[in-house]
Amino acid sequence: MKKKTNDTLKNKSILIGLSVLCTGLIAVSFLENDAVSPLRQASGFVITPIQKGINGFGSWLSGLTDNFEDAVSLRKENEDLQAKVDTLTEENTQLVQDKEELTRLRELLSLDEQYDDYEKVGARVIAKESGNWFQLFTIDKGTSDGIQKDCNVISGGGLVGIVTEVGPNWATVRSIIDDNSNVSAMVSTTSDQCIIAGDLRLIDEGSLNLVKLTDSDNKVHVGDKVVTSYISEKFLPGILIGYISELNNDSNNLTKSGYITPVVDFRHLQEVLVILQRKEYVPSDSVSDNSGSSGTTGKAEASKESQAETPAQTETSTDSTDAQE
Amino acid sequence: MRRKLTMTVLILISIILQSTVCQMISIASVKPNLLIILTVSFGLMRGRRSGMLTGFFCGLLTDIFFNTIIGFNALIYLWVGYFSGNFYRIFYDDDIKTPLFLISVSDIVYGIVQYGFLFLMRGRIHFFYYLGRIILPEMLYTLILTFVVYQILYAINKKLCMTDRGGTDSFVS
């Protein structure tokens, strides 16, 4: 009997001890995120190769089933593709002409082609976050391939997310559909700034929240392209995110909000491209200096957006900066 | 010693399966929760201490590998393990009804805590949406998986008890 009470006591003390430890860890990871990264490095070193192996097996299996696909459908697909090639060739010639014109005009404007070709590295998605609540995934490349924290990740021509954690042979990516994700974006036709926020409730519909769109001229329409904004701290400008699918006036009548459909198929994400070049981090006061020199409109818009962002988003701001950092 | 080694391997396998295979078998993008099954099963079969430690390490490893807040999952799984350890001795562990019940309760609590701290705190107030879309489906899927996984874990535990101390282990704790 005595042994039993002793045991219960010991169990209770273990429980309390570990709970305190956990609480401490939570506090530490809130205050000092870098303190825990050595732990991540170590665990990633062990777990990643195994995940890679298991995933390889899985894709081998699915590749096997694909082989049984009907030859008829393949033939039909071939025909379709041939037709597509024809139209594309036609389009291509047109585009080449346009491009020549563009380069000419660019030279005139003495614009660098700094955003045209980033150096990229391809990577395979090997694991997803263990629960159902967040949209993080792990890829099989890391610092040894030049990937760093805050590198942008794209796939199929659209923005996928951003690297949040990196090890020698792995990196964790937060998708833009994650509930914590906020991306500063703009409508490509009018350069109106907005914020693209992920929402777990919209994932099934395959859309994303578009909020705080400043469109005082009413020129933004459904179907317009949304790209990453040049005032974003973490995202390179001009990466396609998606197309506006719905647009409504906010109750304050100053901004608009709606939904966009991303170009990336997040459900079947297998391979991604990581852009090795990162957007340089510039402290906020020098940002306004820079944009001031580049043009008054840019500055006005930048400050407008930061104002719009601060009061309403205090609740999410810690998370959102986390997500983008 | 052998028990500790087996536990470590089991935890590692569960975490790896959770992040790879579970993602492949997910239905409507909801995955079952293997770690809850592991934690509750060992709490039920081996008592509070095992449940607590299994849960703690399961949670800690998921935190380390995926979450930005280290210790959050560890804390939840720790209490889940302790809670299920309370039912050790009260129920026979070869009866599948008890683990089914405990796992469903734990998974719902796990979901609600996740929602409460990580979503409600950020102003996502539509609790019933999340309940219907994630918490309950996850629980159902986990329950279905329990039928298979619990048998395996039960067999492993039985073998461990046999080799450890001649079959008396599960009665002397």
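What follows is a short chat about chain A's strands and then chain B.

Modeller: Ground rules before we start. This is a predicted model: local features need pLDDT of at least 70, side-chain atom pairs count only at pLDDT 80 or more, and totals for chains, interfaces and linings use all residues. Residues are numbered from 1 along each chain as its sequence is written, with chains lettered from A and ligands numbered from 1 in the order in which they are written.

Colleague: How many residues of strand 5 of chain A are buried?

Modeller: Five of its five, residues 171-175. Buried means 20 or more other C-beta atoms within 10 Å of the residue's own, with C-beta atoms placed from the backbone; exposed is 12 or fewer, and partly exposed is in between. Strands are DSSP runs of E, at least two residues, and helices are runs of H or I, at least four, numbered from the N terminus.

Colleague: Which residues point which way from strand 5 of chain A?

Modeller: Ala171(A), Val173(A) and Ser175(A) go one way. Thr172(A) and Arg174(A) go the other.

Colleague: What does strand 5 of chain A pair with?

Modeller: Strand 2 (residues 136-139) of chain A is one partner, antiparallel over four bridges. Strand 4 (residues 158-166) of chain A is another, antiparallel with five bridges. Pairing takes at least two DSSP bridges between two strands. Strands 4 and 5 of chain A form a hairpin with four residues between them.

Colleague: Switching to chain B. How many helices and strands?

Modeller: Eight helices, zero strands. Buried residues make up 51% of its 173 residues.

Colleague: How many residues of chain B are in contact with chain A?

Modeller: 38, against 39 residues of chain A. Contact means C-beta atoms, placed from the backbone, within 7 Å.

Colleague: Which helix of chain B gives the most to that side?

Modeller: Helix 4 of chain B, with nine residues. By class, the side of chain B touching chain A has 22 nonpolar, 11 polar and five charged residues. Nonpolar covers Ala, Val, Leu, Ile, Met, Phe, Trp, Tyr, Cys and Pro; charged covers Asp, Glu, Lys and Arg; the others, Gly among them, are polar.

Conventions: Two residues are in contact if their C-beta atoms, placed from the backbone, lie within 7 Å.
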